[in-house]
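Please look through the sequence and the model below, and then follow the notes under them, which are grouped by topic.

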Amino acid sequence: MEDQSLVLEPKVVAFCCTYCAYTAADLAGAMRLEYPPNVRVVQILCTGKVEVQWLLRAFEQGADAVYVAGCALGDCHFLEGNLQALRTVGYAKRLLAEVGLEPERLEFFHIPASAGLQFAERARQMTERARQLGPNPLRINRGLLEERKIALPPDPHPPLPPAQLGRIIRDQQNG
Ligand code: FES
């Protein structure tokens with residue numbers, strides 16, 4: 001029987017450029033379109049600002065899927081930000097594969113400002129994909145750690161307790 005404690009709702013992070021995808025997210029809300037609450041939208045100025053570290057950090061912090069959503073080709077307000085983002089996402093996908101995470105957990109989408117429907121559809125698509133891929137292994141470990149269902153091996157070099165550290169400093173000063 002499946003251990004219910006390991007069945008987790010997917011967490012999806014969406015980095016959305018303010019001029020297109022974020023506006024589309026707003027529109028989806030105004031149109032009362034339903035999309036999964038699993039998606040956390042992060043508003044950014046332009047997808048060209050997205051750094052590989054942001055994407056990797058999102059996975060490290062437990063996201064099951066991440067996507068970057070920006071303007072349509074030729075519509076970026078900073079000219080080539082979305083092209084830069086495509087390259088960044090492609091590079092991050094290769095890094096994910098190298099550390100053993102499925103590259104499909106990361107995606108780039110062009111979502112125009114007027115495409116509320118498309119925003120909702122992409123949110124559903126990535127949530128469903130995260131569900132099919134299963135929880136990010138980093139997240140499971142983190143979750144189990146937080147719930148104290150697993151324990152890390154003892155640190156071979158634990159920090160010194162403050163009192164002991166004080167004594168060592170005093171001994172050095174006196175000696
Ligand atoms: Fe939207 Fe650059 S302003 S991707």
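Helices (H or I, at least four residues) and strands (E, at least two) are DSSP runs, numbered from the N terminus. This is a predicted model, in which local features need pLDDT of at least 70 and side-chain atom pairs count only at pLDDT 80 or more, while totals for chains, interfaces and linings use all residues. Residues are numbered from 1 along each chain as its sequence is written.

**The end of α2**
- The helix α2 is followed by G62, whose phi is positive, near 110°, and the place of G62 is in the loop between α2 and β3.
- G62 counts as partly exposed because it has 18 C-beta neighbours inside 10 Å; a residue is buried with 20 or more other C-beta atoms within 10 Å of its own, exposed with 12 or fewer, and partly exposed in between, the C-beta atoms being placed from the backbone.
- Although G62 and R139 are 77 residues apart in sequence, they are 4.3 Å apart in space, C-alpha to C-alpha.

**The buried side of α2**
- The buried residues of α2 are L55, A58 and F59.
- They lie on the same side of α2, because they cover an arc of only 95° around the axis, the arc being that of the directions from the helix axis to the C-beta atoms.

**The largest nonpolar core**
- A nonpolar core is a set of buried Ala, Val, Leu, Ile, Met, Phe, Trp, Tyr and Cys residues joined through C-beta atoms within 7 Å.
- Of the 42 residues in the largest such core, C17, A21 and Y67 touch the most other members, and β1 gives the most to this core, with 6 residues.
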